[in-house]
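Visitor: I would like to learn how to read charged side-chain pairs in a model. Please start with the terms.

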Amino acid sequence: MPCTRLHVDQSEVTVEPSTDHETRIFVKTPPFSRTEPELWFSQLESQFIINGVTSDDFKFHTTIGVMDTESLVCVKDLILKPPVTNKFENLRRKVLDALAESQEKKHKELFSQLQLGDKKLSTLLSEMNSLGGSSLQETMLKTLWMQRLPISMQSILTTCPLPLMDVANLADKIADLELPQVCEIKSEVCSCYHNK
């Protein structure tokens, strides 16, 4: 089997067998996504299919070549001692498991550690949204955010029909007012909504 040279950059992988007749395989690799690794692997596999790449070794080494070091640390043992067969599939599965675990840790922090403190209510929501990532549905995000608000604020905002970010901006305005004015705003919001 001829020796090959593998060239990897952020968007393209080239394989050049060192034989008299030159064959090149160009694979455009999407930038690795820690937040959407499953989607990223699907994109990568589509590139392999489009370019007729079937070699397990090629897929395995291409994947390692384009992933960031921080993500690869999670699968270091597999990279240093790859299995004899199904290298790419084992790598894919282990990366997805490791990053899902990482997302779970973020959710635990979201559930237990993040508190309102002296932040604006909309800032708290933005932080929670960032920690939750795309896997956290808006209804769950709203529930988690509302739980961290003062009880009086929860009772005002619970039935508010506005989109979540608008609710957070309204909450900021309410927090800046004194309590008697809060009741006026609540009835104004309700009447505005019902009169639409």
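Guide: Accessibility comes first: buried means under 20% relative accessible area, exposed means over 50%, and partly exposed lies in between, with a 1.4 Å probe and protein chains only. K94, with a relative accessible area of 30%, is therefore partly exposed. This is a predicted model, in which local features need pLDDT of at least 70 and side-chain atom pairs count only at pLDDT 80 or more, while totals for chains, interfaces and linings use all residues. Residues are numbered from 1 along each chain as its sequence is written, and side-chain values use heavy atoms, without hydrogens and water.

Visitor: How many salt bridges are there by the rule?

Guide: Side chains of opposite charge can pair when their charged atoms come close. A salt bridge here is a side-chain nitrogen of Lys or Arg within 4 Å of a carboxyl oxygen of Asp or Glu. The count by this rule is four.

Visitor: Which side chain does K94 meet in a salt bridge?

Guide: That of D77, at 2.7 Å from N to O. K94 is in helix α5 and D77 in helix α4 (residues 76-80), 17 residues apart, so the pair links distant parts of the chain; helices (H or I, at least four residues) are DSSP runs numbered from the N terminus. D77 is partly exposed at 45%.

Visitor: Is K87 buried or exposed?

Guide: K87 is buried, at 12% relative accessibility. Its salt bridge with D57 spans 2.9 Å, N to O, and D57 is partly exposed at 39%.

Visitor: What separates E89 and R92 in helix α5?

Guide: About one helical turn, because they are three residues apart. Their closest N and O atoms are 2.7 Å apart in a salt bridge. Shared partners join E89, R92 and R93 into one network of salt bridges.

Note on methods
Helices (H or I, at least four residues) and strands (E, at least two) are DSSP runs, numbered from the N terminus.
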